[in-house]
Amino acid sequence: MTKKVFVRSYGCQMNVYDAARMSDILAAEGYGEAAGADEADLVVLNTCHIREKAAEKVYSELGRLRRLKDERAAAGHETRIVVAGCVAQAEGREILRRAPGVDAVVGPQSYHRLPELLRAVERGDKPVDTDLPELAKFDHLPEPSAASLRARGVSAFLTVQEGCDKFCSFCVVPYTRGAEISRPVDAIVAEAERLAAAGIREITAIGQNVNAYHGSGPDGRPWSLARLLERLAAIPGIARLRYTTSHPNDMGDDLVAAHRHLPALMPYLHLPVQSGSDRILAAMNRRHRADDYRRLVDRIRAARPGIALSSDFIVGFPGETEADFGETLRLAAAVGFAAAFSFKYSARPGTPAADKADQVPEAVRTERLARLQEQLEADRRRFNAATVGRTVEILVEKPGRHPGQLAGKSPYLQAVQFDGQAEIGAVVPVRITGCGPNSLFAEPTGGVRPAPALDAAA
Ligand code: 5AD
Ligand code: SF4
């Protein structure tokens with residue numbers, strides 16, 4: 001009987017990518033995929049450390065898994081538990097102390113060594129591997145099979161950059177993911193070509209600071225993200241490109257211009273601002289002012305009118321007054337975001353802001369978050385409502401909710417349901433006819449661009 005693994009991922013897109021790559025590594029070791037933890041011989045939790053709530057979730061899950069491990073042991077089945085991801089990196093050996101059911105701990109830059117770690121577990125060890133070896137992981141990852149790529153659908157994340165040197169004063173990423181590194185262009189192109197050959201139509205280039213990308217090109221010189229995107233757009237079969245997450249200060253002229261001249265680059269940009277108050281932005285070490293952000297938005301909109309902008313916000317950063325918060329509401333209203341993620345400030349051990357004296361009371365943070373979210377939600381609905389009546393292209397992702405329906409994404413990353421027939425992976429022009437709370441409705445207008453025929457050998 002083949003062994004089975006269940007990989008559960010929390011947090012950001014980088015973790016989604018890493019979880020898929022861990023599945024590839026374990027598939028090469030003979031593990032099939034389990035439908036749930038209860039039927040898995042190996043459970044991998046790919047964890048997130050960005051806020052306290054995310055990190056604490058891991059420990060409650062580990063409590064549940066320990067009980068499951070005991071139950072399975074009573075029935076004669078062994079279960080191994082591995083903690084991976086950013087909690088693994090940040091807490092290392094401490095996890096073994098707090099959660100005795102855990103067999104191994106592996107950080108986000110060393111999971112290519114999972115097979116060795118599992119062999120150490122078989123020898124009775126409880127290995128902890130939280131090295132931060134630059135780029136080594138990418139050279140050691142097995143190529144995923146075409147079948148496993150196909151199972152991922154028509155849209156895939158591709159890590160092009162990792163880590164961060166910005167050191168925003170609230171953020172754990174520079175500590176958990178390490179220094180900023182960019183993968184070489186050739187390696188990224190080869191991976192994108194494999195994705196395209198397996199039927200993937202949309203690639204989202206990901207990195208904690210993706211627009212700081214400066215990987216070495218085939219000419220031996222550093223390439224910018226804009227140049228990389230142009231190269232990826234030339235790969236046959238790739239219809240759409242996106243990238244995330246970007247820092248406002250790394251939004252170079254060529255990247256802004258790419259939104260004007262690169263048709264495959266979708267008109268959607270996630271550009272976290274965090275706060276609209278200059279005082280708080282300075283305390284956050286963001287290194288730009290609110291007006292710099294507004295001007296940047298103007299430049300981007302001049303290059304790509306109608307682009308959907310999304311952002312991240314933190315409310316209740318230490319020292320944030322009602323006036324500072326008002327600046328955040330004002331900036332959000334002035335920009336008019338199509339989508340947004342907003343969070344209460346969470347003090348993270350080891351970050352400079354965690355030691356500040358003027359922490360904002362929980363009740364104030366809760367109340368400000370509710371006000372901000374109400375405003376952001378109204379903006380999101382307004383953006384969606386404004387697309388009704390327009391004709392846009394949908395990338396078909398899966399069957400829709402009802403028979404005869406298809407579901408896909410608009411260029412603006414909106415979920416769209418429509419009646420019609422087309423294969424998964426086709427690009428279908430539709431007219432948006434209506435707008436629900438979480439998805440839009442549409443009817444095809446004709447002129448489908450079919451998905452390219454797959455190479456039978458892929
Ligand atoms: N508290 C709250 N939110 C945080 N983020 C990062 N660190 C913290 C923190 N300590 C948010 C930021 C970032 C997003 C991924 O998570 O808004 O852009
Ligand atoms: Fe964290 Fe700031 Fe780096 Fe983003 S830019 S990962 S918020 S330190």
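**Ligand shell, helix packing and an open sheet**

In the predicted model, ligand 2 is surrounded by C164, K166, F167, C168, F170, C171, V173, P174, N209, H247 and R286. By class, this shell around ligand 2 comprises seven nonpolar, two polar and two charged residues.

Packing between two helices was examined next. Two packed helices are described by the angle between their axes and the distance between the axes. For helix 1 (residues 13-28) and helix 5 (residues 114-122), the axes come within 10 Å and cross at roughly 60°. An angle from 65 to 115 degrees would count as roughly perpendicular and one under 35 degrees as roughly parallel; helix 1 and helix 5 are therefore oblique to each other. Helix 1 contributes M22, I25 and L26 to the contact, and helix 5 contributes L114, P115 and L118. The contact of helix 1 with helix 5 has six nonpolar residues, with no polar and no charged residues.

The model also contains an open sheet of three strands, in the order 12-13-14, with parallel pairing. Strand 12 (268-270) and strand 14 (339-344) each have a single partner strand and stand at the edges, so one side of each is left without a neighbour in the sheet. On average, and with direction ignored, neighbouring strands of this sheet are turned by 10° against each other. Strand 13 (residues 308-315) and strand 14 run parallel and are joined by six bridges. D312 has F341, in strand 14, as its bridge partner.

Notes:
Residues are numbered from 1 along each chain as its sequence is written. Chains are lettered from A and ligands numbered from 1 in the order in which they are written. This is a predicted model: local features need pLDDT of at least 70, side-chain atom pairs count only at pLDDT 80 or more; totals for chains, interfaces and linings use all residues. Side-chain values use heavy atoms; hydrogens and water are left out. A residue is near a molecule or strand if one of its heavy atoms lies within 4 Å of it. Ala, Val, Leu, Ile, Met, Phe, Trp, Tyr, Cys and Pro count as nonpolar, Asp, Glu, Lys and Arg as charged, and the others, Gly among them, as polar. Axes are lines fitted to C-alpha atoms, for helices over the stretch in contact, and angles run from 0 to 180 degrees between N-to-C directions. Helices (H or I, at least four residues) and strands (E, at least two) are DSSP runs, numbered from the N terminus. Angles under 35 degrees count as roughly parallel, over 145 as roughly antiparallel, 65 to 115 as roughly perpendicular and the rest as oblique. Contact means heavy atoms within 4.5 Å. Two strands pair if DSSP finds at least two bridges between them.
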